[in-house]
Amino acid sequence: MIGALGWISFLVLFVIFTLLGFYGARWRRGDLSKLHEWALAGRRLGTFLAWFLIGADVYTAYTFVAVPSGMFASGALYFYAVPYVATTFMVAMITMPVLWKWSRERGYVTAADMVADRFSNRILAALVALTGIVAELPYIALQIIGMQAVLGIMLLGVTSNVTLVSDVALTVSFVILAAFTFTSGLRGATLGAVLKDALIFLSLISLIIIVPLKFGGFSSAFADAQAFASALSAKHITWLSTGVTNLKPTAALEAGYTTLWVGSALALFLYPHAVNGSLSASGRRQLALSNALLPIYGIGLAILALLGLLVYSDPVAMGLLSKFPLSARGIYSIPALAVSSLPGWFAGVVLLGIFIGGLVPAAIMAIAQANLLTRNIIRPLRPEMNSETETRIAKWASVIFKFVALGFVFIVPATYAIQLQLLGGIIILQTLPSVFLGLVTRRLNGYALTAGLLVGLASGIYMVEVANKFGPLSTSLLSMSGYLIWIGLLALVLNVTISVILSLPTLMHRR
């Protein structure tokens, strides 16, 4: 679909990306046999490098694939991502500089290190670490789905077996990613993030300007989407909603929108990869400045989300989407618009930006998972382990976690890929009492926090199953008295309640 020039630009830039990843081992040399050097880039990233790195965790497949896909399928509900991105940086400004300060003073590599120190409870720290590891898996799977969307569009008309060739290409890409992550650690991911973000901003500006101008803005998109919905209805296809289905506000949707916004904003900087990026900053001031600059990444998110509706006005893009099953079309909306609206060579550049927009975050997430495994689960069991062994285990673990995440790709219809990120959010949000409240007070009881965390996880997973009628994952909202509520916040309320009630004897004793 993108022609020879498009393939050339895609492959040339991918080779440059790969070379940067491997060059990371030589860039700002450090002893990569030490965990903080391999996993935190020696804690030497300045304002703009930290901004690029943390921003790489924001503009991912979630932004270019999942949010527009949600808008394509279900409309306004998924516009929650816009206030969420704006609000979550406020959370980062409050919490991350404090965690960075303690990390530098006391040698923390993970948030679980802080939990173990603050509450003198290794069981709680191990559970926080395990929760972080599990929460990252569906998030990595979301990146994989985004990469599949790019390959799926590119391979149309090139091969009769798009799925097989796409899977092979994806596997090769992950092997390359695993190789340079193993050798270069966060340094390689940082250099990759610089290239990725440059391409992302170029893609973002191009799509935001060119696509709406091509179709005269968004005025006709809603009518075209309504016509598509009517056509589905005429064919008695009632199981699939479209982007216009939920555009009219209702009390139920407003509750779902608000709880998704607030809960997701609280969750993002609990993720191990966000913590990992923050702790790699060279100074507290540099981290604060990079956080202050992060809202720049949110400027284009609203327009990108609306492109999930504008695709209905593009007959060429809709023709491309018709090549895929109804349940998977949403994830191809932005790649299809890129192919239909841009010259072939430039479409290759944009598609490569989206593709490595999944690879780079996947690398950072796997590194963060490896840190938690070695530092907070294995090391307490093997305190005699030296730093070289610890780092070697982390390197291999980062490879394994990338491929374990592939399994999560098959539990959710592709159009609803955003549910993978929301599932991870439900899980990681349950660490909030231990991590964020731990930054404020150490008066809560560690075992009470452990009980609260377990209740939050168990109730959250059970409510997800109930909301989806024990079938494929297509929603993370639970209906309560006619209102849709994000399950992550419901589970967090139970978590905090248990933690506080069971901590009352400790709190009263300390008074």
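I began with burial, and of the 511 residues of the chain 61% count as buried, where buried means under 20% relative accessible area, exposed over 50% and partly exposed in between, with a 1.4 Å probe and protein chains only. I note that this is a predicted model, in which local features need pLDDT of at least 70 and side-chain atom pairs count only at pLDDT 80 or more, while totals for chains, interfaces and linings use all residues. Residues are numbered from 1 along each chain as its sequence is written, and side-chain values use heavy atoms, with hydrogens and water left out.

**Overall form**

I looked up the secondary structure and found 22 helices and two strands (DSSP runs numbered from the N terminus, helices being H or I of at least four residues and strands E of at least two). The radius of gyration is 22 Å, close to the 24 Å from the globule rule for 511 residues, so the chain is as compact as a globular protein of that length; the radius is taken over C-alpha atoms, and the rule is 2.2 Å times the number of residues to the power 0.38.

**Salt bridges**

I then looked for salt bridges (a side-chain nitrogen of Lys or Arg within 4 Å of a carboxyl oxygen of Asp or Glu), and the count comes to eight. One of them joins glutamate 37 to arginine 187, with the closest N and O atoms 2.7 Å apart. This pair links distant parts of the chain, since glutamate 37 lies in helix H2 (residues 35-40) and arginine 187 in helix H9 (residues 186-214), 150 residues apart. Both residues are buried, and Glu37, Arg44 and Arg187 are linked in a network of salt bridges.

I also checked aspartate 197 and lysine 196, whose side chains meet at 3.2 Å, N to O, and which are both buried. For arginine 382 and glutamate 384 the salt bridge is 3.9 Å, N to O; here arginine 382 is partly exposed at 37% relative accessible area, and glutamate 384 is exposed at 60%.

**Serine 333**

Last, I turned to serine 333, which lies in helix H16 (residues 333-341) and counts as buried because its relative accessibility is 0%. A polar atom of the serine 333 side chain lies 2.9 Å from the backbone oxygen of glycine 330. Leaving aside neighbours within four places in sequence, I find serine 333 in contact (heavy atoms within 4.5 Å) with Pro68, Ser69, Gly308, Val311 and Leu321.

Terms used
Polar contact = N/O pair within 3.5 Å; in protein donor to acceptor, adjacent residues only side chain to side chain.
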